[in-house]
Amino acid sequence: MQFALTVPTVSDRIAQMVVKQVLEPVLEPMFHEDSYGYRPGKSAHHAIAQARKRCWRFAWAVEIDIKGFFDSIDHALLLKAVRQHTQERWVVMYIERWLKAPVQMLDGTMVTRTRGTPQGGVISPLLANLFLHYVFDMWMQRQFAGVPFERYADDVVCHCRSQSQAEALIGDLSRRFAQCGLELHPLKTRVVYCKDADRRGNYAETSFDFLGYTFRPRLSKNRWGKTFVNFSPAMSAKAGKAIRQEVRSWNLQNRSDKSLYDLAHMFNAKIRGWVNYYGAFYKSALYPTLRQIDRKLVLWLTRKHKRLQGHRRRASHWLARVARKEMHLFAHWSLLWGQASMGRAG
């Protein structure tokens with residue numbers, strides 16, 4: 001059963017923050033260095049960068065998908081782990097109360113929670129990391145010490161030296177998870193060949209998604225300008241589709257009551273977030289999606305100004321002139337118009 005996102009009360013959020021401040025200093029030093037999710041000084045970009053480096057060193061990767069992870073966490077095992085790291089009975093009592101609190105579903109019915117940790121809670125990411133620290137991170141160190149991995153909450157990529165090692169990992173990990181009340185998704189957990197210019201052979205799977213990026217063979221240039229095939233990350237098609245859907249929801253072309261500066265002020269925070277996140281690796285993959293914003297602005301111009309009605313090409317040229325002159329007006333313009341080769345956003 002899929003639970004609704006839990007929205008804690010203000011008092012619960014304060015209490016959870018207090019418990020987090022007690023537990024986090026104890027747990028942080030022992031967490032695995034390749035656990036990146038919701039941890040001080042670590043980020044999704046760190047995990048992606050490490051995965052990229054290891055895909056260059058290891059020919060095989062395993063994309064791991066844990067089926068319904070947050071709804072499947074075993075309460076007894078989690079509380080056992082909590083007790084290992086605190087003698088404060090009130091901390092354990094509060095965590096147990098939060099875990100077992102009934103959840104109100106979208107239709108208003110109340111459901112008693114027997115498994116899982118409430119998503120949306122301040123303490124939930126820390127508890128999830130603690131659970132997977134013992135179920136996955138430490139188990140990997142014992143059983144597959146030569147297989148490095150990156151884990152961001154329940155998103156995991158492992159790196160293997162051979163196809164047989166990767167398949168053995170999936171089999172053993174499936175049994176390990178079953179012992180702990182978790183299940184590998186049978187279709188989304190896959191062995192991937194990290195194909196590049198030096199790796200021969202044809203294999204069914206040569207790409208995987210991780211934290212909104214798709215890793216696959218791509219054309220790159222070395223320092224001398226020579227083109228070669230490199231296994232690297234770029235914004236995933238799924239992420240691009242989600243951004244384009246949100247841009248359409250802004251209904252820019254119908255906001256003729258707003259000025260260009262108003263529109264920039266309204267949407268720059270969101271655009272800047274996309275640029276900062278998806279522009280970190282192979283940023284050119286982001287350009288086609290960002291150009292949709294400019295196409296919507298061109299439509300806005302044709303409705304805003306009578307002299308441009310029915311003249312989309314003229315409106316496109318007008319927007320291009322403004323973008324080159326005020327490159328920092330919209331958060332994506334410096335990316336699209338800052339290079340002469342990118343100056344075709346119409």
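**Pocket and helix packing**

Biologist: How do the residues lining the largest pocket divide by class?

Modeller: The lining of the largest pocket divides into seven nonpolar, two polar and six charged residues, where Ala, Val, Leu, Ile, Met, Phe, Trp, Tyr, Cys and Pro count as nonpolar, Asp, Glu, Lys and Arg as charged, and the others, Gly among them, as polar. Bear in mind that this is a predicted model, in which local features need pLDDT of at least 70 and side-chain atom pairs count only at pLDDT 80 or more, whereas totals for chains, interfaces and linings use all residues. Residues are numbered from 1 along each chain as its sequence is written, and side-chain values use heavy atoms, with hydrogens and water left out.

Biologist: How much space lies in that largest pocket?

Modeller: The largest pocket holds about 400 Å³ of space. A pocket is an open set of points on a 1 Å grid over the protein atoms alone where a 1.4 Å probe fits, with protein on both sides within 12 Å along at least five of seven lines, and lining residues have an atom within 4 Å of a point.

Biologist: And which residues are closest to its centre?

Modeller: Of the 15 residues that line the largest pocket, Glu-63, Asp-155, Asp-209, Phe-210 and Lys-238 are the closest to its centre. Two or more lining residues come from each of strand E1 (60-65), strand E5 (155-160), strand E7 (208-210) and helix H8 (237-249); these are DSSP runs, of at least four residues for helices and at least two for strands.

Biologist: Switching to helices, at what angle do H8 and H10 pack?

Modeller: H8 and H10 pack at about 15°, with their axes 9 Å apart, and H8 is therefore roughly parallel to H10 (under 35 degrees; over 145 is roughly antiparallel, 65 to 115 roughly perpendicular, the rest oblique). In contact (heavy atoms within 4.5 Å) are Gly-240, Ile-243, Arg-244, Val-247 and Arg-248 of H8 and Thr-289, Gln-292, Ile-293 and Lys-296 of H10, which by class are three nonpolar, three polar and three charged.

Biologist: How do H9 and H10 lie to each other?

Modeller: H9 (residues 260-278) and H10 (residues 287-304) pack at about 170°, their axes 12 Å apart, so they are roughly antiparallel. Leu-260, Leu-263, Ile-271, Trp-274 and Val-275 of H9 meet Leu-290, Ile-293, Leu-297 and Trp-300 of H10, and that contact divides into nine nonpolar, no polar and no charged residues.

Biologist: What about H1 and H5?

Modeller: H1 (residues 10-27) and H5 (residues 89-100) pack at about 135°, with axes 11 Å apart, and are therefore oblique to each other.

Definitions and conventions: Axes are lines fitted to C-alpha atoms, for helices over the stretch in contact, and angles run from 0 to 180 degrees between N-to-C directions. Grid points are joined across faces, edges and corners, and a volume is the space filled by probe spheres set on the points.
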